[in-house]
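Reader: I'd like to learn how to read this model feature by feature. Could we start at the surface?

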Amino acid sequence: MREPWVVGVSGASGTPYAAAVVRGLLDAGQAVDLIVSRAARLTVLDETGRPFRDAHWAEDLAAWLGRDLAGADLRHWPAGDLAAGPSSGSYPVRGMAVVPASTAACAGIAIGLSKDLLQRAAEVNLKERRPVVVVPRETPVTRSHLEHLIALHDAGAVVLPASPGFYGAGAAASAAQLVDFVAGKVLDALGVPHTLFRRWSGELAAARRDADPA
């Protein structure tokens, strides 16, 4: 039986995080069901210059991810389709990542609003006690934002802010390396193997550089 990971992309800035998570899941041989909210489509267009259209989702996703998706186990569900597979707990999935997670998406999931398929799918995965990772990127945050994140935590979600670490590449880290760090932490929370960042080994970066051959 096919058991995909659901990846929900909301309208917050940070669509490179979503692309890196999807690439990481596919690289690990995982099936992916993708939900891109209406607001996220505007953000994808703004941050990449590329559209994301329901009728051309495979073509647009390949351009967004920068790879050929032939043979990839991918399915796309329109955000307005509240009768889609992920809207039901009987639809078999392994869990879900909401990346990036806007404050509106976090609030909607926390209170069970189900205003679109992304929010409904996240609520379903929480009620079914499946892994759910929520990646807020907003900063600074208000009290209401924090209360919604606490509610998500209490409901069983992993709240994983888009907060990259620098110990893998140091101050000279590229934007891609910082994105991959956050994506790797999402995959860690889902239990999916990856090689997106150098893991902490207890050895300082200076010592590693001295030990590396010239």
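Author: Gladly. Tyr-167, Trp-200 and Leu-204 make up a nonpolar surface patch with about 350 Å² of accessible area together. Accessible areas come from the Shrake-Rupley method with a 1.4 Å probe, and for residues only the protein chains shown count as cover.

Reader: Where does Leu-204 lie, and is Leu-204 buried or exposed?

Author: Leu-204 sits in the loop between helix 7 (175-190) and helix 8. Helices (H or I, at least four residues) and strands (E, at least two) are DSSP runs, numbered from the N terminus. Buried means under 20% relative accessible area, exposed over 50%, and partly exposed in between (1.4 Å probe, protein chains only). Leu-204 has 59%, so this residue is exposed.

Reader: How should I treat confidence here?

Author: This is a predicted model, in which local features need pLDDT of at least 70, side-chain atom pairs count only at pLDDT 80 or more, and totals for chains, interfaces and linings use all residues. Residues are numbered from 1 along each chain as its sequence is written, and side-chain values use heavy atoms, leaving out hydrogens and water. The predictor's confidence in each residue, pLDDT, runs from 0 to 100. The chain averages 95, but helix 8 (residues 205-211) has the lowest mean among the elements, 63.

Reader: Which residues of helix 4 are buried, and what do they pack against?

Author: In helix 4 (residues 103-110), the buried ones are Ala-105, Cys-106, Ala-107, Gly-108 and Ile-109. They pack against strand 4 (95-101), helix 5 (117-127), strand 5 (132-136) and helix 6 (143-154), where contact means heavy atoms within 4.5 Å.

Reader: And how do I read the backbone angles?

Author: Most residues other than glycine have a negative phi, and most peptide bonds are trans. Here, the bond from Val-99 to Pro-100 is cis, with omega near -15 degrees, and Pro-100 belongs to strand 4. Another cis bond joins Thr-139 and Pro-140, with omega about -5 degrees; Pro-140 is in the loop between strand 5 and helix 6.

Reader: What is the phi of Arg-129?

Author: Arg-129, not a glycine, has a positive phi of about 60 degrees. Arg-129 lies in the loop between helix 5 and strand 5 and is exposed, at 68% relative accessible area.

How values were computed. Patch = residues over 30% accessible without salt bridge, like charges linked within 9 Å, V, L, I, M, F, W, Y side chains within 5 Å. Salt bridge = Lys/Arg side-chain N within 4 Å of Asp/Glu carboxyl O.
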